[in-house]
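Here is a walk through one part of a fold. Keep the sequence and the coordinates side by side as you read.

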Amino acid sequence: MKTAIITGITGQDGAYLAALLCQKDYKVVGLIRSYHTINRKGLKYLGIQDEVELVECDLADLSQVMATIKEYKPDEIYNLAAQSSVSLSFRQPIGTIQFNVVSVLNILEALRMLDSPAKFYQASSSEVFGDSELPIKETTYINPISPYSISKASAHWITKNYRESYGLFGCSGFLFNHESYLRSENFFVKKVILQAIKIKKGHAETLEVGNIDIKRDFGWAPKYVEAMYLMLQQDHPDDYLICSNRSVTLRSVIECVFKELDVSIDRLVIDEKLFRPTEIEDIYGDNSKSKIQLGWTYDLSFYDVLKTLIQEEMANGKD
């Protein structure tokens, strides 16, 4: 039986990845900050709360990271823990950059010092590319334009440096936006769906948004975690884009959700106060490398994903 450590296991990707690894008969160890503040919602929703072992570990403390790796001797480590909100990173740049960089550095340094053979996956982001020539590819120039993307670019370069300098098996997955029922409520698509449902039920009057004429490459989270797993099954480490190959406007996402829920578009309010200081106008990636080298498949339309998300929210929501 292989052992996998997942940081950020209580988040959307962590829960779906844990479920995938449990299906493949892994021993799954999830690292959490504290037993007192843990949110088991995602693990319970997927029915795996009793199949994973949760362990307290402060990723900002190298000694704790080393002790954990030494005890569990993992075959694979998936680092998904991060402050992952772009908007919040503008309000909390120091905390975002400190945690997102130091946590990665501590894991890699622990692997190096312990001479561990564990394969390491680093969750990177499409945000690191900023406004670049489209479609984004693995060879595209990295140009971060937010504190969050700066932290993710740094974490990627650290992973690459440990791979090239110390021979560690380290991969970075540049994931584009990906959604599911387990997505946190501070993310755009989730907020739109929840607020539209409130409007439909008479519990809210309007949906207030910022710039919705920008375009994003959206996907389905359960499929994206499959690519994470596949990266660590390869003989040699590399970096990959995980995306849908197309972008859609945020406006079209709202229109689709409102249409599905029979909510009038008149309930949409654009507030310039919600605009970000800097913004990527359009971004989408080329997933050819992931499909060819990893054997990963993806052919979902995001509008079909939206319909699934709405149905799941309606089925699990409360009046």
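This is a predicted model: local features need pLDDT of at least 70, side-chain atom pairs count only at pLDDT 80 or more; totals for chains, interfaces and linings use all residues.

Residues are numbered from 1 along each chain as its sequence is written, and side-chain values use heavy atoms, with hydrogens and water left out.

Begin with strand E1, residues 3–7. Strands (E, at least two residues) and helices (H or I, at least four) are DSSP runs, numbered from the N terminus. Five of the five residues in E1 are buried (under 20% relative accessible area, 1.4 Å probe, protein chains only). In a regular strand the side chains alternate between the two faces of the sheet. In E1, Thr-3, Ile-5 and Thr-7 lie on one side, Ala-4 and Ile-6 on the other, and both faces are covered.

Which strands pair with E1? Strand E2, residues 27–32, runs parallel to E1 over five bridges. Pairing requires at least two DSSP bridges. Thr-7 has Leu-31 as its bridge partner in E2. Strand E4, residues 76–79, is also parallel to E1, with four bridges. There, Ile-5 is bridged to Ile-77.

Now turn to helix H1, residues 12–23. The axes of H1 and helix H8 (residues 221–231) come within 9 Å and cross at roughly 65 degrees. Axes are lines fitted to C-alpha atoms over the stretch in contact, with angles from 0 to 180 degrees between N-to-C directions. Contact means heavy atoms within 4.5 Å. Leu-17, Leu-20 and Leu-21 are among the H1 residues that take part, and Val-225 and Met-228 are among those of H8.

How values were computed. Buried means under 20% relative accessible area, exposed over 50%, partly exposed in between (1.4 Å probe, protein chains only). A crossover is right-handed if, with the strands pointing away from the viewer, the path from the first strand over the helix to the second runs clockwise.
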